[in-house]
Amino acid sequence: MRYRKLGNTGLAVSEIGFGTIPILQGSVPVLPDYYNLNDEEALAVMEHAFGLGCNLYDTAIVPEYGDAERKLGLFAARVGREKLVISDKARFFDGNEMYQAVEASCGHLGTCPDLYFVHQVDAEHEEEVFQKGGALDALTELKAEGKIRFAGIASHYYDILRKGAADSRVDVLQGSGNLLERGMLDRLKKEHMFSDKGFLVNKVYAAGILPAFFPVRTLIRSVLSYPVSSALIGIGTKEQAEAAMGWEPAGERERLPSFEEVLSVLEKDYDPISCDRCQRCVCPYGTEIHTLFRQYQYYFLGKEYWALRKLDLGIEESAAYCRECGEMPCMDQCPRGIRIPDAIERVRQLVREHPIAQPAGRHTIKETQKTG
């Protein structure tokens with residue numbers, strides 16, 4: 001395991017961070033149905049990762065992440081709190097609610113987290129988070145009180161992360177990216193303002209689907225080739241910890257596949273849309289074009305029910321707006337030359353031809369998260 005600076009925090013974190021979703025137990029919305037670890041099983045997996053050199057553990061508040069926050073607290077007490085960097089988060093945008101959430105997290109953990117993020121900030125809540133008295137102000141106050149060490153913004157949106165990078169109250173950022181969805185990482189690499197912020201990358205496996213197509217080593221090396229601090233990987237077994245944390249740095253000179261080469265691999269299974277989610281395609285009607293294209297890709301990559309459920313929330317309306325639009329600024333903004341109206345029509349046809357069915361039965365870890 002190697003370690004990288006976490007921006008200007010003074011902390012050094014393992015290149016691979018431990019994502020705690022797979023250590024959950026019970027009925028939790030974010031819990032995949034192929035995991036269900038009790039306390040001792042979860043502690044054993046976390047301890048195995050620790051033995052491999054992992055010192056960064058990322059979680060979120062109860063009940064959103066179920067019992068993961070509590071389990072991480074037990075683990076910290078077992079191995080020694082001072083040996084870990086704990087990253088926590090809550091999806092509250094109001095300052096008062098965020099303040100209370102952090103205090104609750106400290107109680108669940110039995111200690112104070114090092115990093116605390118406003119979780120999944122989007123355009124709808126952006127103003128509330130950044131304004132006076134918002135969640136970011138609350139984290140700043142909590143930092144001054146010593147209840148957290150560093151404040152962060154976590155988002156799937158480049159413009160919001162860029163705003164966070166320019167804000168002096170923000171110490172750390174968390175965003176998504178992987179070998180396929182690399183557009184946002186390509187953009188932040190070119191922006192100097194990101195260099196002073198610690199950056200954690202999630203969705204490295206794209207919700208667990210990319211290891212069926214590419215070796216884990218390649219997936220991890222791809223995100224670590226960017227100026228980021230750590231790649232967060234959801235770990236639910238000792239074998240997964242070894243696959244993620246035991247990759248060989250000696251192979252770094254091996255050339256990483258280009259975006260076009262990634263598409264060529266996927267083309268063996270379906271006709272992909274050549275979108276890397278750079279998020280430059282701003283729609284005047286508010287359609288998140290890159291999100292529609294992600295769900296289309298995920299449908300064919302093994303997340304059929306999940307993808308269709310999200311696509312069905314407005315694809316007919318989005319397609320109608322696209323047909324009526326005379327300006328089509330998204331076409332000018334797309335660096336990959338995607339004919340966006342045609343691609344959106346493909347997405348609409350997918351939803352029309354495949355009515356949403358209930359998800360199939362439980363899947364095994366081997367079926368769902370291959371290590372390649």
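**The second largest pocket and beyond**

Author: The second largest pocket has a volume of about 330 Å³. Its lining counts 17 residues, and Tyr 157, Asp 159, Val 282, Glu 288 and His 290 lie nearest its centre. Two elements give two or more residues to that lining: α6 (158-165) and α11. The largest share, three residues, comes from α6.

Some ground rules. This is a predicted model, where local features need pLDDT of at least 70 and side-chain atom pairs count only at pLDDT 80 or more, while totals for chains, interfaces and linings use all residues. Residues are numbered from 1 along each chain as its sequence is written, and side-chain values use heavy atoms, leaving out hydrogens and water.

The pocket search runs on a 1 Å grid over the protein atoms alone. A pocket is an open set of points with protein on both sides within 12 Å along at least five of seven lines; a cavity is a set where a 1.4 Å probe fits but cannot get out. Lining residues have an atom within 4 Å of a point. Points are joined across faces, edges and corners, and the volume is the space filled by probe spheres set on them. Helices (H or I, at least four residues) and strands (E, at least two) are DSSP runs, numbered from the N terminus.

Buried means under 20% relative accessible area, exposed over 50%, and partly exposed in between (1.4 Å probe, protein chains only). Contact here is heavy atoms within 4.5 Å.

Next, charge. Side chains of opposite charge can pair when their charged atoms come close. A salt bridge is a side-chain nitrogen of Lys or Arg within 4 Å of a carboxyl oxygen of Asp or Glu. Arg 346 and Asp 271 meet in one, at 3.4 Å from N to O. This pair links distant parts of the chain: Arg 346 sits in helix α15, Asp 271 in the loop between α10 (259-266) and α11, 75 residues apart. Arg 346 is partly exposed at 30%. Asp 271 is partly exposed too, at 48%. A network of salt bridges joins Glu 316, Arg 323, Glu 345, Arg 348 and Arg 352.

The whole structure holds 28 salt bridges. Arg 91 and Glu 64 form one, with the closest N and O atoms 2.1 Å apart. Arg 91 lies in the loop between β5 (85-90) and α3 (95-109), and Glu 64 in the loop between β4 (56-58) and α2 (68-79), so the pair ties together parts 27 residues apart in sequence. Arg 91 is partly exposed at 34%, but Glu 64 is buried at 16%. The loop between β4 and α2 also holds Pro 63. The peptide bond from Val 62 to Pro 63 is cis, with omega near 5 degrees.

Strand β5 brings in Ser 87. Ser 87 is buried, at 0% relative accessibility. The Ser 87 side chain makes a polar contact with the side chain of Asp 58 at 2.6 Å. A polar contact is a pair of N or O atoms within 3.5 Å; within protein, one must be able to donate a hydrogen and the other to accept it, and residues adjacent in sequence count only if both atoms are side-chain atoms. Leaving aside neighbours within four places in sequence, Ser 87 touches Leu 115, Phe 117 and Gln 174, among others.

Strand β6 (residues 115-118) carries Tyr 116. Tyr 116 is buried, at 0%. Its side chain makes a polar contact with that of Ser 105, at 2.7 Å.

Last, the backbone. Most residues other than glycine have a negative phi, and most peptide bonds are trans. Gln 120 has a positive phi of about 55 degrees. Gln 120 lies in the loop between β6 and α4 (126-130) and is partly exposed at 31%. Lys 203 also has a positive phi, about 60 degrees. Lys 203 sits in the loop between β9 (198-202) and α8 (216-224), partly exposed at 37%.
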